[in-house]
Amino acid sequence: NEPLEVVDPEIAAVLRDELNRQRSTLEMIASENFVPRAVLESQGSVLTNKYAEGYPGRRYYGGCEFVDVAEDLARDRAKSLFGAQYANVQPHSGASANAAVLSAIAEPGDTILGLELSHGGHLTHGMKLNFSGKLYNIVGYGVDPETFLIDMDVVRQKALEHKPKVIIAGWSAYPRTLDFAAFRAIADEVGATLWVDMAHFAGLVAAGLHPNPVPYAHVTSSTVHKTIGGPRSGFILTNDLEMYKKINSNVFPGHQGGPLMHVIAAKATAFKLAASDEFKDRQVRTLAGAKLLADALTTEASKAAGIDVLTGGTDVHLVLADLRNSPIDGQQAEDALHAVNITVNRNSVPFDPRPPMVTSGLRIGTPALATRGFGDVEFAEVSDIIALTLQHAAGKGSTSVEELSARVQTLADAFPLYPGLEEW
Ligand code: PLP
């Protein structure tokens with residue numbers, strides 16, 4: 001029972017280095033967040049030792065009396081947070097949740113209609129190397145080439161033309177809210193099942209700051225680790241008992257064996273926290289921060305450097321920077337921000353003229369910094385730093401990298417991450 005430092009100093013060094021990286025940089029990857037100490041405690045707990053195949057009260061292993069309590073709490077809290085009648089909290093990840101959903105609602109070979117990957121969809125919505133693209137006949141809808149918005153008339157036309165078994169509403173890179181009622185009307189018109197993947201915006205929904213898909217969707221899947229800021233994992237909601245039964249058997253034994261009870265306990269805690277006023281305040285700051293960022297990337301100075309924002313702004317926790325008219329590509333922009341200690345990811349924009357490894361876009365999100373404590377003042381400052389860094393990289397700005405890095409450091413120092421964690 002020696003500590004990690006002694007048993008495996010190389011891995012202990014990785015943990016230390018990663019903590020330092022998270023502390024000293026500004027994390028703006030839209031899908032990332034910082035879990036609270038309470039979540040770290042559950043995930044690093046003895047619950048990791050427990051096998052609990054099955055569901056609470058119906059396990060295939062003995063000794064589940066305490067983990068049953070954790071899973072019941074996680075399910076009840078998820079249901080109450082999103083106003084759902086049924087919840088499955090066992091998926092190990094968003095992708096496992098989605099695999100279980102698809103196998104519950106479609107047979108291999110069935111037609112599935114979802115947002116194209118290159119327009120902001122997710123791998124599990126039909127990418128050709130993913131199980132979804134291999135097993136199903138995938139048909140995509142894209143965004144409008146002028147507005148970059150999803151056009152519900154186009155979704156309807158595609159649905160009427162292809163008669164899909166499943167329609168997917170949900171995205172990994174789209175800066176606006178979706179019209180769930182319109183999606184459901186189309187699904188009903190063509191006899192399809194509506195599956196909403198709210199992985200990205202679930203935290204906004206929980207806070208009441210984004211339309212809730214649960215009343216409209218036949219089934220809703222999500223991750224817990226993005227805007228919710230809980231442990232890396234997934235969950236599934238529905239209001240339909242028959243759907244719930246299918247989901248349960250497709251999660252276990254369909255796609256998974258023993259659930260990760262330490263992660264399920266951490267989900268319960270994350271859902272408890274997500275019902276708090278503090279959580280709502282964080283989501284308010286997340287949204288306000290994204291709007292400030294969109295403003296900074298649409299100024300005259302940004303436009304003069306060929307920088308713009310898809311759809312002109314955002315309704316959610318992320319901004320899609322559009323670099324199609326900029327001399328710098330997504331890779332160069334990502335590298336320029338990395339050089340001043342801001343972490344983002346490059347992202348293809350729809351109809352991207354540059355190849356996928358280079359791209360003409362950046363996806364920049366505010367959830368992690370909101371969790372760190374950023375409010376309007378700090379988001380305005382980091383937005384200015386980002387705009388100046390990109391303008392500089394595009395040959396249009398005079399602010400030096402040293403000055404910009406120093407400003408990042410001031411922000412990072414003002415909001416210490418996991419203070420005292422070494423002593424916990
Ligand atoms: N669904 C959407 C919309 C996502 O954006 C993601 C993650 O990026 C996932 C599912 C998959 O989640 P995970 O990475 O936990 O498998």
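Me: Where is leucine 117 found?
Reply: Quick heads-up: this is a predicted model, in which local features need pLDDT of at least 70, side-chain atom pairs count only at pLDDT 80 or more, and totals for chains, interfaces and linings use all residues. Residues are numbered from 1 along each chain as its sequence is written. Helices (H or I, at least four residues) and strands (E, at least two) are DSSP runs, numbered from the N terminus. Leucine 117 is in the loop between strand S5 (111-115) and helix H6 (131-135).

Me: Is leucine 117 buried or exposed?
Reply: A residue is buried if 20 or more other C-beta atoms, placed from the backbone, lie within 10 Å of its own, exposed if 12 or fewer, and partly exposed in between. Leucine 117 has 22 such neighbours, so it counts as buried.

Me: Which residues does histidine 122 touch, leaving out those up to four places away in sequence?
Reply: Histidine 122 is in the loop between S5 and H6, and 23 other C-beta atoms within 10 Å make it buried. UniProt, in an unreviewed entry, lists His122 under "binding site", along with Leu117, Gly121 and Leu123; UniProt positions follow the numbering used here, feature names are shortened, and annotations may be inferred rather than shown by experiment. Contact here means C-beta atoms, placed from the backbone, within 7 Å. The residues that histidine 122 touches are Ser172 and Asp197.

Me: What UniProt annotation covers Lys226?
Reply: Lysine 226 is in the loop between strand S9 (219-223) and strand S10 (234-238). With 27 C-beta neighbours inside 10 Å, lysine 226 is buried. The annotation, from an unreviewed entry, is "modified residue: N6-(pyridoxal phosphate)lysine".

Me: How do the residues where H4 meets H11 divide by class?
Reply: Helix H4 (residues 65-82) packs on H11 at about 35°, with the axes 8 Å apart; axes are lines fitted to C-alpha atoms, for helices over the stretch in contact, and angles run from 0 to 180 degrees between N-to-C directions. On the H4 side the contact includes Val67, Ala70 and Leu73, and on the H11 side it includes Ile264, Ala268 and Phe271. Ala, Val, Leu, Ile, Met, Phe, Trp, Tyr, Cys and Pro count as nonpolar, Asp, Glu, Lys and Arg as charged, and the others, Gly among them, as polar. That gives twelve nonpolar, no polar and four charged.

Me: At what angle do H12 and H16 pack?
Reply: Here we have helix H12 (residues 277-296) and helix H16 (residues 376-393), with their axes 8 Å apart. Among the residues making the contact are Leu292 and Leu293 of H12, plus Phe379 and Ile386 of H16. The angle is about 30°.

Me: How far apart in space are valine 6 and glutamate 27?
Reply: Valine 6 is in helix H1 (residues 4-7). It is exposed, since it has 9 other C-beta atoms within 10 Å. In sequence, valine 6 and glutamate 27 are 21 residues apart; in space, C-alpha to C-alpha, the distance is 30 Å.

Key. Two residues are in contact if their C-beta atoms, placed from the backbone, lie within 7 Å.
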